[in-house]
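Visitor: I would like to take a close look at a single part of this structure, the place where two chains touch. Could you walk me through it slowly, as I am new to this?

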Amino acid sequence: MSEYINSAADLLRIANEIYSKIAGEKNVAIMLDCASNLATYTITIKADNRFSKWVMGMGKNEFKFPTSKTYNVRVTELKPFYGEIEDAVTRTETEIIVDFKKCLSKDQVRLQVQYFMREGFADSLVHWRSSPEPLVNEMKYELSAQLVDPEKLEYDEVFVQDYPVTTRVYVKDSLNVKIPGLATFKELRRLESDMFSDYKPGDGFKIAGMQRARYELREQLREENPRELLGALNRLLLPAHFREYLELEEHKDYKYFGQHWFGGREMPGNVILPDEVLVIHRTDLSLKKKATHDVLHYHRRKFEDDVQDALSKHANSK
Amino acid sequence: MNAYDIPSVVLEPKSAVQNSEDGPAKSGLELFLSDDILQGEKRVPFYLLMKNLEIRRISLHTSRFRLVDLYNTKSFTRVRQGAIIEAKDLKSDDYLGGVLSTRTFKSSDVVANLELRIELTDGSVREFVEKRHLFSVRAQLAQCPKEVTLPVDADAPPIKVRLSGRPTATIAIDRESPGIELSIPREVASAYQLYFMSIQKGLLELKEDYPKYRRLVDKVLDEELSRSIAVYLHEVQKEFEKAKNDEEFMQSLAYVFVSALLEQESLRSALLVPLMEYLESSAASKTFLESPFSGIRVPVGGAKLRVKLAVHDLLLTECGEPIVIDVDVKSMKEAFVPLSTLIGFERS
């Protein structure tokens, strides 16, 4: 089973251990991949005398990583030629072992270690915001993300890749439409509840009358078929379709990633219609780009027009 | 142009402020402050990007915002409603980030400012003034007779509440002593009950399979599904947030709800009862009732209706003081009256 590292600060402690072990001139970078929850710690080493001495004095299988915490380890030659040194890394069921002796003939090498990270591990590094709802202009949501305190990480390079920025697109107001059949259904529920709750002996005749009314209401409901319209509304809200109502202004720093439904009834299987569609975009931050922003346009009118179209199509088919 | 699109005031010729994208050789400043802010928001971000500029000092001043924190600084001096950051206090000279908080105001729409004064080593000064509206909703009782006689016309509720302000609002209505208890109509209650029984069965099984979440499950089972499916699920969700990292458990929990739906007396009710609640919760434009089926069962003669209305925005901040409604409801016969037929909402 994989052991996850909880935060970038925990990772820093582990990375510092590796850093202090390796002798020689080196610089370090960290890449935090928020889409796959992997952190790649990269240490670039100048294979100088100090490094050679250290490697020669090292025992066999001394430099190793447990597979429970580590997803992958790679050693790459940077100078004089570029290419992965595949035989420098061996893998067993429980360990990944690095043999630096294979690097002795090179000038510059790079060690990359990828760790499993717990979801949300980068949250303390990034402050993001999306408009809670569009208030200034009903079609625009503002998205932004920025590094909280990049320098405290002490790396020469920090890349936070694919950090999620979630926008709550509130759709409930647009779905406040008259769904045919609901009034009938309400009447039916009232009748059924009366039939089953207040039964007294001698009510047989009354119940028979109610039974007939119930039959008629059920027939009417079948005719009105609210499920069909509900299906049509649901289809408008499916991510592949709803995406048509969303558009980024600049497309520069933000990438569309996906959506899911959210509402008071957000338990899976219980969503009939959502209160909100959560739209996820992803952005990259680094020491060179410490902050990003963009504007998400929501074509609300078009969505509402399509809802009305679905309603009138349903009415015409009856 | 929309009246709310306040342009950022740049107190210098526009050409002098260059965007940081203009190329590596050029210098520039870019200030960003979030928009669409709700009153009571605690973490509104802003940032200043500086490119190839020799900064001497940055002075920051706010009105109606409160400075919570600054990023990328070793230290800074707090002054009244702001801060002064010397160049040596910046950890790197290209970025200053920060967080502002807001509070609630009497009015549903106030303007707040963030002012930045950037002094460069060559003696020149650049200034930014960013203005933002802080929005909220306010409710007030527009009409409230002392006495209401049943039956009432469902399309013309005798009590009227007027909401002002732009944000979406949800309204929670709770009983106040000595008013009559709130309840939900029998036909909805019976559908809820069936649903709750299936959830209970599933949750009890879940408790056996995951003994470490026993206490969480017990807490959820304690709740009574008497107000609305939405409120109940919200409470459940909140409890289970604590276990959300256990994917297997969360998946099993989701199946409990799916099977609760499938076990309903008919799939029709399973589908339509929550839908009815969804649609009936809409009280006016951008205004939703937390428990749309809530009502009172009035005995022969009448009863006292005394309820408290609390308004929340989408970030669950309470907007303004709650409204108390106190009315005598007279009736010749026993009747159930939904609150939505007694209290109407309108937005101005």
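Guide: What follows is a walk along the contact between chain B and chain A. Please keep in mind that this is a predicted model, and that every value here is computed from it. If we begin with the extent of the contact, 72 residues of chain B are in contact with 61 residues of chain A, and the two chains bury about 6,000 Å² between them, with 56% of that area lying on carbon and sulfur atoms. Turning from area to individual pairings, we can count five salt bridges between chain B and chain A, and one that you can look for in the structure is formed by Lys286(B) with Glu133(A), whose closest N and O atoms are 4.0 Å apart. There are also 25 residue pairs in polar contact between chain B and chain A, where both residues have a pLDDT of 80 or more. If you then ask which element of chain B supplies the largest share of the side that touches chain A, it is helix H5 of chain B, spanning residues 267-280, which provides 13 residues. Sorted by class, this side of chain B has 39 nonpolar residues, together with 16 polar and 17 charged ones.

Definitions and conventions: Residues numbered from 1 in each chain as written. Chains lettered and ligands numbered in written order. Predicted model: local features only at pLDDT ≥ 70, side-chain atom pairs only at ≥ 80, totals over all residues. Heavy atoms only, no water. Contact = heavy atoms within 4.5 Å. Buried area = accessible area lost by both parts, 1.4 Å probe. Salt bridge = Lys/Arg side-chain N within 4 Å of Asp/Glu carboxyl O. Polar contact = N/O pair within 3.5 Å; in protein donor to acceptor, adjacent residues only side chain to side chain. Helix = DSSP H or I, 4+ residues; strand = E, 2+ residues; numbered from the N terminus. Nonpolar A, V, L, I, M, F, W, Y, C, P; charged D, E, K, R; others polar.
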